[in-house]
Amino acid sequence: MNNIYNSMKLFIFSLLTSTIFGRTIMLNKDLNFDSLKFDNNDNFNMPNLNLEKFKKRHSNIKYQIDEQLESHTKKFMENNEYEDIEEIEIPMIFHVIYNNGNNYQYGDINPFTINQQLIQTYVVDQLNEDYNLENEDRFETPEVWQDLMADFKINFFINKVIYINSNKESWDMYDDSMKMDKSGGSNVIDPELNLNVWIVYSPGSEGEITMGRAQFASNFKQQPELDGYVLNFYALLLSMNGYSDRTSTHEIGHWMNLRHIWGDGGCDVDDGVADTPVSDISHIECGSSEDCTYPATSSCGSPDMFMNYMSYGNEQYMFTKGQMLRARAVFAEGGPRHSMVTRKKSTKKCHHDDTFYIIIVVLTIYIKISIERNVSY
Ligand SMILES: [Zn+2]
């Protein structure tokens, strides 16, 4: 009898722990400091980088309009005020994909350590500044647009960093092989609850390197296995060397359904946000052949917001309030990323489950007492 009771106890205990702690582990911020060394050399020397070579080109990615999401977003933007939006937290899972220490070495670039602390400092801290209007360079924004600058009220934190020793040395930013175990990458983890990021080495060709690529929020329901964004190791390299790289900020903008500021088209194409001026230029040449200064940089009859994170300008430091409302619509009820902000509520749902388990525990104790009585009789 004791054996049966013990197995029941174990069963109930495992049910309880899997229900309550199963979710808690996913949201645990205090993960072990983990590090990855490619060799014994921890010193990192600045490679001979020329910013002009590092163009953020991903223009062959076309935005697919999802009518349902657009209509949801439009309604959200009409019915909500910027001031009323509440803070949310987004857990991030980083998949660091490397190859026996053979990659992440390119030209003068020495091997270095991508560890959790580095990701926190050069990716997550920057994101938290940019998405909470705490970035120091925000005041570079022309005065006329400073009232439009938005605090998205979004905080990011590292849920997990995983390391994949792949047999593949370099990656094509335009396929999704890094997002699958079977092609040497790493499968997405709970994309309804986490923002997945794949850090890969992608040297590009002819000096043109794509720094990042995101899956749009509109594709989430059809292809959850591809959800998240890919971050080129070079973007990290730029940040680590004092360049103001905003690849992650830009890619997460797409992931939240923001479009490029020029709408990827001419003056008749809009980005779905009223307070960003219409433009037909990506400003990818800012800092090289194009002198980007306000208001000289104008197209479509008005000055361009080339310093917006969703532009290709080499100096980006602001989003607008309209962009904030558009982005936050994806997390609202009916939006594709609603589950990400209701995860705490779903944890609370455990209380209902708990009632069920408490009944089982009481029932078990009752049965045990009855059995013992039967035995003593
Ligand atoms: Zn983009």
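Phe 157 counts as partly exposed, because it has 14 C-beta neighbours inside 10 Å; the scale calls a residue buried at 20 or more other C-beta atoms within 10 Å of its own, exposed at 12 or fewer, and partly exposed in between, with C-beta atoms placed from the backbone. This is a predicted model, in which local features need pLDDT of at least 70, side-chain atom pairs count only at pLDDT 80 or more, and totals for chains, interfaces and linings use all residues. Residues are numbered from 1 along each chain as its sequence is written.

Phe 157 sits in strand S2 (residues 154-165), while Leu 236 belongs to helix H4 (residues 233-240). Helices (H or I, at least four residues) and strands (E, at least two) are DSSP runs, numbered from the N terminus. Leu 236 is buried, with 23 other C-beta atoms within 10 Å. Leaving aside residues up to four places away in sequence, Leu 236 touches Tyr 122 and Ile 199; contact here means C-beta atoms, placed from the backbone, within 7 Å.

Here are two pairs to look up in the structure.

| Pair | Apart in sequence | C-alpha to C-alpha |
|---|---|---|
| Leu 236 and Ile 119 | 117 residues | 8.4 Å |
| Phe 157 and Ile 93 | 64 residues | 9.0 Å |

Now to helix H2. Leu 69, Thr 73 and Phe 76 are buried in H2. Viewed down the axis of H2, its buried residues fall within an arc of 65°, so they line one face of the helix; the arc is that of the directions from the helix axis to the C-beta atoms. These buried residues of H2 pack against helix H6 (321-328). On the other side of H2, the exposed residues are Glu 67, Gln 68, Ser 71, Glu 78 and Asn 79.

Conventions: Contact = placed C-beta atoms within 7 Å.
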